[in-house]
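Dear colleague,

I am passing on the structure we spoke about, with the sequence alongside it. My notes follow below, and I would be glad if you read them with the model open.

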Amino acid sequence: SLPILSIMTDPINLWDDSFGIYTNYLEEGVNWERRCNNQYFTNNLPLFHTSSGIRIQGRSSRARPKKSFRLFYKNAYEQERLIYPLFGTNGPTSFKNIVLRSGYDDDIQMPTGTLIRDPLVSEIWKNLGMLTSRSKFCNLIINDQYWGIYNLRESINEHFISDHTGYFDFDLIRYLKDNIEVKFGDVDEWLALNSFIRETDFSNRDNYQEVLNRIDMENFLNLQAL
């Protein structure tokens, strides 16, 4: 009953010892993006057919047999965006990137994965009125071979932020446990905010009010509760 996403690509793009992205799964970046064709079906009806780039996605699943992927839509392949209401019409209906998430880090032991935890947490966050990536489950077919159930979802990047908020001047920073990675913009305002919080006496209510001017406190409290 699940939708089907079919990926077709030259087998060399996946399996070649020096060129294949599945074989060289630790490699990242545009040099490890390969061309593929996408077809999407529900109830045996084809809903779109286009070309894109494909890369291995994520961290914990890279060494696993069932890897995650990211699709890149750009004019170099066929069209600048995927134009299709993949997650319904309540939100953006065109996409620069789509993530195919295998779900391994949903399982503490990680040999199998459950595919449940990440979509569940995202749904809770959405029900709190917060911004999160939309997703759905699908069956993935690669070169006519069944590849398993995947969580198809919006990629959280600068295009996601602009599409959902209309903002184009912003900083997008990702936490990686013990450090940060700037995904878009720069880190100047973030470092200034951190310095202010670490060095300020908040027994002074004026200082606390200044923090409220610089942080969406309702969003922050919801995040801590989640």
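How many bridges join strand β4 (residues 68-72) to β7, and do the two run parallel or antiparallel? Please keep in mind while looking that this is a predicted model. Four bridges join these strands, which run antiparallel, and within this pairing Arg 70 has Val 99 of β7 as its bridge partner. Strand β7 also pairs with strand β9 (residues 145-154), again in the antiparallel sense and over four bridges, with Ile 98 standing opposite Glu 154 of β9.

Buried here means under 20% relative accessible area, and because five of the five residues of β7 (residues 97-101) are buried, the strand is largely enclosed by the rest of the structure. In a regular strand the side chains alternate between the two faces of the sheet. In β7 both faces are covered, with Asn 97, Val 99 and Arg 101 buried on one side and Ile 98 and Leu 100 buried on the other.

A further antiparallel pairing is that of strand β10 (residues 172-176) with strand β11 (residues 179-184), which are joined by five bridges. These strands form a hairpin with two residues between them, and Lys 177 in the turn has a positive phi of about 65°, while Leu 176 has Asn 179 in β11 as its bridge partner.

Two asparagines in loops also have positive phi values. Asn 44, which is not a glycine but has a positive phi of about 65°, is placed in the loop between β2 (34-42) and β3 (45-57), and at 72% relative accessibility it counts as exposed. Asn 143, likewise not a glycine, has a positive phi of about 45° and is found in the loop between β8 (135-142) and β9, where at 22% relative accessibility it counts as partly exposed.

Finally, there are two surface patches to report. Ile 116, Leu 120, Val 121, Ile 124, Leu 128 and Leu 226 make a nonpolar patch of about 510 Å²; of these residues, Leu 120 lies in helix α2 (residues 117-127) and, at 47% relative accessibility, counts as partly exposed. A patch of negative charge is formed on the surface by Asp 169, Asp 171, Asp 186, Asp 188 and Glu 189, and among them Asp 188 belongs to helix α4 (residues 188-199) and counts as exposed, with a relative accessibility of 53%.

With best regards

Conventions: Residues numbered from 1 in each chain as written. Predicted model: local features only at pLDDT ≥ 70, side-chain atom pairs only at ≥ 80, totals over all residues. Heavy atoms only, no water. Patch = residues over 30% accessible without salt bridge, like charges linked within 9 Å, V, L, I, M, F, W, Y side chains within 5 Å. Areas by Shrake-Rupley, 256 points an atom, 1.4 Å probe, with all protein chains shown as cover. Salt bridge = Lys/Arg side-chain N within 4 Å of Asp/Glu carboxyl O. Lys, Arg positive; Asp, Glu negative; His and termini not counted. Charge placed at Lys NZ, Arg CZ, Asp CG, Glu CD. Buried < 20%, exposed > 50% of the residue type's maximum accessible area, 1.4 Å probe, protein only. Pairing = 2+ DSSP bridges.
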